[in-house]
Amino acid sequence: MASPALLCNNICTRFWVSSLSQSQHQMQLLQRRRLFVKFHAQYKASFRLSPLVCLAARREEKEVVLVENDGRKRRLLQILLWTAEGIYIFWLFLLPYAPGDPVWAINSDTINSLIGLSLNFFFILPLINSVVGIHLINSPVLHPMSEGLFNFVIGWTFMFAPLLFTDCKRDRYKGSLDVLWGFQMFLTNTFLIPYMAIRLNDEEAESIPRKPSQLGSVMINGAPIVGVIGGAVCLISALWAFFGRQDSNFGSIADRCEFLVSYLGSERLAYAFIWDIFLYIIFQPWLIGDNLQNVQKSKEP
């Protein structure tokens with residue numbers, strides 16, 4: 001028969017073993033729980049990250065597609081512009097099918113009309129003769145409709161100067177903007193169309209912005225004045241066409257409109273001015289829109 005001491009020792013041993021097994025079981029459960037929590041956290045993190053990765057990949061794909069589409073669009077526009085330049089040169093200068101005479105068959109009357117219109121540039125000489133009373137050079141008396149149309153287009157061309165010198169893509173044109181604008185004042189879209197095509201070239205990786213010339217600085221700093229002068233000349237040209245030279249018997253407004261229709265259908269210069277007005281309606285908002293986008297980008301942080 002076991003002694004009380006031996007029974008007590010057996011009971012304590014069993015209790016200790018039972019407690020040890022329970023603590024080991026609890027430790028295993030705790031370790032499993034920690035592993036589960038760790039795995040769950042990693043799973044949630046990967047689940048949250050995967051949409052971000054997919055979103056970033058989609059954005060990159062969209063950017064690549066946009067760049068490719070932009071390149072195709074620019075190439076298409078360049079093809080259209082160079083085609084328009086060819087049509088403009090051949091149709092208005094060389095081919096005999098448009099109203100009036102081509103350059104190679106120009107007559108003396110057209111030359112005298114060009115000289116007279118140039119002398120009446122911006123109505124300076126007529127105003128000096130009639131308002132100031134100075135007659136060192138007498139203003140040629142031409143039909144006010146032809147004078148108005150000529151100065152309207154030249155006044156509009158004058159307003160292009162600030163747009164050219166502030167164009168965000170002007171550095172892609174490697175020539176002189178001073179020379180370009182000077183020729184544009186005389187031959188309008190003959191030189192503006194190529195510029196509009198060249199400015200669509202790919203931007204060079206290491207292009208250094210050119211400093212504006214003295215003429216460019218004047219046109220940039222005086223852009224509001226240039227706009228006012230050009231707009232005033234266009235307005236005066238329209239009024240002059242209908243109401244100018246009342247003392248020279250050019251008829252009523254109806255007579256002048258009838259002359260305008262005949263003038264556009266018989267003179268190559270007048271016919272070309274209609275082309276210029278149509279192209280200016282396209283090119284001026286185009287340049288303004290691109291420059292506004294450039295200003296907005298420069299304001300972004």
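The largest nonpolar core has 43 residues, and Phe 160, Leu 192, Tyr 195 and Phe 283 touch the most other members. A nonpolar core is a set of buried Ala, Val, Leu, Ile, Met, Phe, Trp, Tyr and Cys residues joined through side-chain atoms within 4.5 Å. Buried means under 20% relative accessible area, exposed over 50%, and partly exposed in between, with a 1.4 Å probe and protein chains only. Two or more residues of this core come from each of H1, H4, helix H5 (160-165), H6, helix H7 (189-198), helix H9 (223-243) and H11. H11 gives the most, with 9 residues. In soluble globular proteins, nonpolar side chains tend to be buried together.

This is a predicted model, in which local features need pLDDT of at least 70 and side-chain atom pairs count only at pLDDT 80 or more, while totals for chains, interfaces and linings use all residues. Residues are numbered from 1 along each chain as its sequence is written, and side-chain values use heavy atoms, with hydrogens and water left out.

Phe 283 is in contact with Leu 81, Phe 160, Asn 189, Leu 192, Ile 193 and Met 196, leaving aside its neighbours within four places in sequence. Contact means heavy atoms within 4.5 Å.

The protein has 11 helices and 0 strands. Helices (H or I, at least four residues) and strands (E, at least two) are DSSP runs, numbered from the N terminus. Of the 301 residues in the protein, 30% are buried. Among contacts between residues at least 6 apart in sequence, 78% join residues at least 24 apart.

The largest pocket holds about 580 Å³ of space. On a 1 Å grid over the protein atoms alone, a pocket is an open set of points where a 1.4 Å probe fits, with protein on both sides within 12 Å along at least five of seven lines, and lining residues have an atom within 4 Å of a point. Grid points are joined across faces, edges and corners, and the volume is the space filled by probe spheres set on the points. The lining has 24 residues, and Phe 93, Leu 114, Phe 186, Leu 187 and Leu 269 lie nearest the centre of the pocket. At least two lining residues come from each of helix H1 (4-94), helix H2 (108-119), helix H4 (144-158), helix H6 (177-187) and helix H11 (268-299). H11 gives the most to this lining, with 5 residues. The lining divides into 17 nonpolar, 4 polar and 3 charged residues. Here Ala, Val, Leu, Ile, Met, Phe, Trp, Tyr, Cys and Pro count as nonpolar, Asp, Glu, Lys and Arg as charged, and the others, Gly among them, as polar.

Pro 144 is in helix H4 and counts as buried. Leaving aside its neighbours within four places in sequence, Pro 144 is in contact with Trp 240, Ala 241, Gly 244, Phe 250 and Arg 256. Pro 144 and Phe 250 are 106 residues apart in sequence, yet 7.9 Å apart in space, C-alpha to C-alpha.

Most residues other than glycine have a negative phi. Phe 122 has a positive phi, near 55°, and lies in the loop between H2 and helix H3 (124-132). Thr 188 also has a positive phi, near 45°, and is found in the loop between H6 and H7.

The table lists relative accessibility for several residues.

| Residue | Relative accessibility | Class |
|---|---|---|
| Pro 144 | 0% | buried |
| Thr 188 | 4% | buried |
| Phe 122 | 15% | buried |
| Cys 168 | 32% | partly exposed |
| Cys 257 | 33% | partly exposed |
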